[in-house]
Structure formats: C-alpha cells, structure tokens
Amino acid sequence: MTERDEIGIPLLDLQAQNGPLREPIREAIERVVASNRFILGPEVRAFEEEIKRYIGVEHAIGVSSGTDALLVALMALNIGRNDEVVTTPFSFFATAGAIARLGAVPVFVDIDPLSFNLDLDQLEAAITAHTKAILPVHLFGQTCDLERLSRVSEQSGIPVVEDAAQAIGAKGGALFAGAVGAFGCFSFFPSKNLGAFGDAGLVTTNDAALARRVRILRAHGAEPKYHHALIGGNFRLDELQAAILRVKLPYLNQWTEARRKNAARYNRLFRQANLPEPVLKTPAATADGHIYNQYVIRTNRRDALRDYLLQQHIGCEIYYPKPLHLQACFGYLGYTEGRFIQAERAAAELLALPVFPELGESRVDQVAERVIGFLKRR
Ligand SMILES: *Cc1c(COP(=O)(O)O)cnc(C)c1O
C-alpha cells in the first residue's frame, strides 16, 4: 500500500476535542481536588443548573451513567415485575436492559426504515392493560416525532421515558429531546456529543414530584439520610465529572454545528455520486435539529464496504449488528428472526462514518471519495 492510499481517519478523535481544553479542564479538576468534595457537591449542583437551561427543562438530576438514568427513571415510575414497557428493538443494549433488570417486560415494536426510530404507526397496537411506559430512543441524534409521542402519551395516560442518550440538544419542531416525556435520559459516555472523562448521565423532567423521587432514589432511596422509604441505589454523579462537563458544555453548540456541516457535506457528495438506492442511501432527516451523534449510511454491500474502509484506515462502525429481540439473553421473550424486518434489515445494512466536529472538509471529502469509489466498482 502506498502512502497516498493510506489516509488514516479515526471514527472519533477525542484528542482533537479535549486537547485544546486541557488547561481549563486541569483547572476544574484542581478545583475539585482542592475542595475535597467528591460526590454530589457544588459542581454537580452547578452543572445541573447549566444543563437544564441548555436542554430546556425544569429539573435535571446528574446520575452515574446513561444506563442508570434509564434505570432510575423507570424505578421512579414504579415499574417492576410483569409490567410492560414498549420500546425499540434497534438500540444500544441499555434501553431494553434497564426494563428487564426491573423484572418488567420489554415489548418491542419495529422501527421506521427512514429514521430508524420506533415506528409510531405501530405503537398504539402494542399498548395493553399492562403497559406502564413507552421508551423511545432518539437514535443517532435524531428525535422521534415528539409531538405525536406526547399526544399518544396524553391520550393513553402512559408516561414516556425518552432515551435521549444520543440526542443532547436535538430538536423536533419546537420541542427538545428529553423535555417532552415524563423523563429524559442522557449519557455523557465519552463517545456521546457531550462526553465526560468516564461514566456520567442525566435525568430530566418537568415534574417536580418526579424530580424529587429521582433525587431520593439516586442515593439509596434515603430521605432524610439513613431513613429509607424507597429502595434506590448508588446512581450518583461525581464532582470531577460534573466539573469537566461544565468546561465542555459551552462548546456543545459549536461542536453540533460542525457535525451538521460534516453531515451536509457527505450528503451532497453522496447525492452527486448518483448511486441507486440499495447501493447507497444517505440518512434521511425526518426531523430538523438532528445532532448527528452518528452519521449512518445504508448500503446493501455493508460488510464489504466496512472491511475496505478499515483496510484503508478509515474508522467506521456497525450500530447495531444484532437487534435486541434476537439477543440470546432475551430468548425467554420468544421473539424469532423475521419478527421485526426493518430492525433486522437495518442491522445488516447500516454503517456509521466519521462525523466528529473536528473532522473537517478535506477529510469528509476523502472518506466520501473512498466510499463512492468502492461502491462504484463491480
Ligand atoms: C450510550 C447509550 C446508553 C447508555 O449510556 P451509558 O452512559 O453508556 O450507560 C443508553 N442508550 C443509548 C441509546 C445509548 O446510546
């Protein structure tokens, strides 16, 4: 392989984002070290204030991870044994895992083939007398139809818990991800658009009573300390993560804009290539306000394209290779292959390309050129 062939573009470059913030992050860490307050202190409180304004919601509760955000939100709604929670089979495992860990039953509904989000046309048919919540995911950074979701929730009386782990700052119309349901759940896992230096998450709500419940459950259900009316857990966010996230939050809008620019450029280049749809399909923007946590193309030559890109040292990843209804651990739910055709097709045909904010035009061009070149051959 010649030097010219080998370009080397990672799927995500955290150094490019965190490097320039090294000094303010170091100062934030030193502030926490000097304070000797490490759990639920002033940094967490300040971060909760700042992020709730950013998301456009009345209450924000910092928690230990996105997974724990989902778990504690479902706990706050009293979801437990044999309750049903309607959700998508095409997501990161935590979405369905949180439901099952509480003894509740994940009831899957297929996805819409354009947005890859829960198909709202099929949602109502899945609701039964046992349904205690609806758990949609704003996959890859694009919201579900938030207006329609809140209408279904109002009409049925069933609360929505939004898995907004990939959708911080995403909008659908005038509505913000995580500000529509009973709860919004966010993750600050390092590869999310706002990434911590470890695990961290957030629960949002506009309901003061629910917010209070989550705060109590976050610290073992104690209120006051050492008196437990509820069984909670250790779902606390620590001061170091909150202090680092406070440094990064003011940059989030500009990072999102850069992701959108990269995505728009890919879209333009791919459309100009004029490849027919089963060979290459760009992501459909079904909602404005996509934040492109991932830029995901669809191709019927997915595995071959991935192998080629990796060999060219271009980072790419399959989100997600196996839908949740086919995971071995959910065998007891009785779903078989062919049950959710759209989720299964997506698992076979989607590929995420680099879209991180610092990627820049020339590297977008190089990735697009390799993708198009490969798909035009043969
Ligand atoms: C990342 C993610 C989670 C889990 O968040 P963690 O912080 O890693 O626990 C949950 N749901 C979705 C859709 C995610 O992408």
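**Ground rules**

I worked on a predicted model, in which local features need pLDDT of at least 70, side-chain atom pairs count only at pLDDT 80 or more, and totals for chains, interfaces and linings use all residues. Residues are numbered from 1 along each chain as its sequence is written, and side-chain values use heavy atoms, with hydrogens and water left out. I took helices (H or I, at least four residues) and strands (E, at least two) as DSSP runs, numbered from the N terminus.

**Entry: α4 against α8**

I looked up how helix α4 (residues 66-76) packs on helix α8 (residues 208-218), and found an angle of about 120° with the axes 9 Å apart. The axes are lines fitted to C-alpha atoms, for helices over the stretch in contact, and angles run from 0 to 180 degrees between N-to-C directions. The angle makes α4 oblique to α8. For the classes, I used under 35 degrees as roughly parallel, over 145 as roughly antiparallel, 65 to 115 as roughly perpendicular and the rest as oblique. The crossing of α4 over α8 is right-handed. A crossing is right-handed if the near helix is turned clockwise from the far one by less than a right angle, and left-handed if anticlockwise.

I then listed the contacts, meaning heavy atoms within 4.5 Å. From α4, Val72, Met75 and Ala76 meet Leu210, Arg213, Val214, Leu217 and Arg218 of α8. I sorted the residues of this contact of α4 with α8 into 6 nonpolar, no polar and 2 charged. In this sorting Ala, Val, Leu, Ile, Met, Phe, Trp, Tyr, Cys and Pro count as nonpolar, Asp, Glu, Lys and Arg as charged, and the others, Gly among them, as polar.

**Entry: α4 against α5**

I checked α4 against helix α5 (residues 94-101) as well: their axes come within 9 Å and cross at roughly 40°. The two helices, α4 and α5, are therefore oblique to each other. Their crossing is right-handed. On the α4 side the contact is made by Thr67, Leu70, Leu71 and Leu74, and on the α5 side by Ala94, Thr95, Ala98, Ile99 and Arg101. The contact of α4 with α5 has 6 nonpolar, 2 polar and 1 charged residues.

**Entry: α10 against α13**

I recorded an angle of about 30° between helix α10 (residues 252-273) and helix α13 (residues 361-376), with their axes 10 Å apart. That makes α10 roughly parallel to α13. The crossing of α10 with α13 is right-handed. The contributors from α10 are Asn262, Arg265, Tyr266, Leu269, Phe270 and Ala273, and those from α13 include Glu361, Val364, Asp365 and Lys376. I noted 9 nonpolar, 1 polar and 4 charged residues in the contact of α10 with α13.

**Entry: the buried side of α7**

Which residues of helix α7 (residues 146-156) are buried? I found Leu146, Leu149, Val152 and Ser153. Buried means under 20% relative accessible area, exposed over 50%, and partly exposed in between (1.4 Å probe, protein chains only). On the face of α7 turned away from its buried side I found the exposed residues Glu154 and Gln155. The cover over the buried residues of α7 includes α6 (120-123), β4 (131-135), β5 (161-163), β6 (171-172) and β7 (175-176).

**Entry: Ser187**

I located Ser187 in strand β8 (residues 183-187). Ser187 is buried, with a relative accessible area of 9%. Leaving aside neighbours within four places in sequence, I found Ser187 in contact with Gly66, Ala165, Lys192, Leu194, Ala200 and Gly201. Ser187 and Gly62 are 125 residues apart in sequence but 9.9 Å apart in space, C-alpha to C-alpha.

**Entry: backbone**

I noted a cis peptide bond between Glu223 and Pro224, with omega about -5°. Pro224 is in the loop between α8 and α9 (239-248). The peptide bond from Tyr319 to Tyr320 is also cis, with omega near 0°. Tyr320 lies in the loop between α11 (302-311) and α12 (341-349).

I also looked at positive phi outside glycine. Asn82 has phi near 70°, sits in the loop between α4 and β2 (84-87), and is exposed at a relative accessible area of 56%. His220 has a positive phi of about 60°, is found in the loop between α8 and α9, and is partly exposed at 40% relative accessible area.
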